[in-house]
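Let's take a walk through a protein model together.

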Amino acid sequence: AAGLPLHEAQRRRRSAKSATEEGAAARAGEAAGGGTGAPVRAGLSSAEAAARLSALPAGSVVVLDGLAVLQLAAAVEEAEMEGGRLAGLTLVAMEHYPFSLEVDATDETRALCRAQEAAVLLRCDGVAAASGVTRDALLSEHPTLAPDLVSIVRPPHRFEAVAAPLPSRPVQPCPPRRDGGSQAGGLVVLLIVANLIPRKGVGGVLRVLAALRREGVVRWRLVVAGDSGADPAHASALRRLAASLGLEEGDGEAQVAWAGRLDGGALERAYCEADLFLLASGYENYCMAAQEAAFFGLPTLAYDVGEIALFCAPGGSVLVPVGDEAALRSRLAHL
């Protein structure tokens, strides 16, 4: 927060049309709140969260995680209405991406998300955007947000972020990958690292691979490393889709392996044992998993989303237009 451009005047900036409607605030659901020096915790009512914000000592810097902004909208407004008790706080929002850009959101949901985000962001003294793409999207979604308040703070990937001497051993370089696939018999291992939510486009990859299988391209195996808890219904639908396409049959060829969430050494091994990293997201603010793949020297085939072009080497990656499954299929077959 100390490195961000903070403006006291931003707290006083108001837009007659940008304030969250009473009904939208009521639908904000459970809010989050935390004490001085404590991480944000979910499960508080908006009134309780507002009380915690109001009780913080004057001069406190409060960092609001963008993943909780929608739930905090009502709390921030309530705390401010109670005699302007946010006046002594410096509020900084750490924004991953605007929720109004979720690819599967309805128009009503987009409008609600935009209003609730505005209720928080227009009361903040600074905004830390996870990428240049996020910064541009925030300014586009919220035209009254002052551009000089929004700084780009790119995240480190999970292996870069662990500082010595904490790890029991340093991350080891991957062994050289063989031509024709890392597995015996030339089986090519494809890897997706993504939560199983609609925006990640795993279903599109399954359809592409099923088409390749019908064409006789079977010397591959897809490993999907991702948490199914974010959207259990969608995760179940993906498994049903894979089964209906015949991708959960056979002896390892043309087959999908659901690895679940991987961390630490297990994730490191997944990157090192794969031959090609796949990413078919409809939207990304930054794309940390692709950065991790590049860190481990893993070639990448991906939609051109987020800032993936910044860290995928031209000689080791292929980017295709977002949502173009035909292009994805063609390049994957070639590779």
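Start with strand S11 and its neighbour S12 (residues 317-320): the two run parallel and are joined by four bridges. To find the spot on screen, look for Thr 300, which sits opposite Ser 317 in S12. Keep in mind that you're looking at a predicted model.

Now check S11's other partner. Strand S10 (residues 276-279) pairs with S11 in the parallel sense too, this time over three bridges. Thr 300 turns up again here, as the bridge partner of Phe 277. How does the chain get from S10 to S11? Together with helix H10 (residues 288-295), these two strands make a right-handed β-α-β unit.

So are the faces of S11 buried or exposed? Both are covered: Thr 300 and Ala 302 are buried on one side, and Leu 301 and Tyr 303 are buried on the other. If you're wondering about that every-other-residue pattern, side chains in a regular strand alternate between the two faces of the sheet.

Next, the interior. Nonpolar side chains in soluble globular proteins tend to be buried together. In this model, the largest nonpolar core has 57 residues. Among those with the most contacts inside this core are Phe 277, Leu 278 and Leu 332. Helix H7 (residues 202-214) supplies the largest share of the core, seven residues. Zoom in on Leu 332 and see who touches it: Leu 190, Val 208, Leu 209, Leu 212, Leu 276, Leu 278 and Leu 301, leaving aside residues up to four places away in sequence.

Apart from that core lies another one, of 24 residues, and Leu 72, Leu 121, Val 127 and Ala 129 are among them. Two of those names lead us to strand S5 (residues 126-129), where both faces are covered: Gly 126 and Ala 128 are buried on one side, Val 127 and Ala 129 on the other.

Which strands pair with S5? One of them is S4 (residues 90-95), which runs parallel to S5 and is joined to it by four bridges. Here Met 94 stands opposite Ala 128. S4, helix H5 (residues 107-121) and S5 form a right-handed β-α-β unit. Another partner is S6 (residues 150-152), also parallel to S5, with three bridges between them. This time Val 127 faces Val 150. To get from S5 to S6, the chain passes through helix H6 (residues 132-141), and this β-α-β crossover is right-handed.

Note on methods: Residues numbered from 1 in each chain as written. Predicted model: local features only at pLDDT ≥ 70, side-chain atom pairs only at ≥ 80, totals over all residues. Heavy atoms only, no water. Core = buried A, V, L, I, M, F, W, Y, C linked by side-chain atoms within 4.5 Å. Buried < 20%, exposed > 50% of the residue type's maximum accessible area, 1.4 Å probe, protein only. Contact = heavy atoms within 4.5 Å. Pairing = 2+ DSSP bridges. Right-handed = clockwise from strand over helix to strand, strands pointing away.
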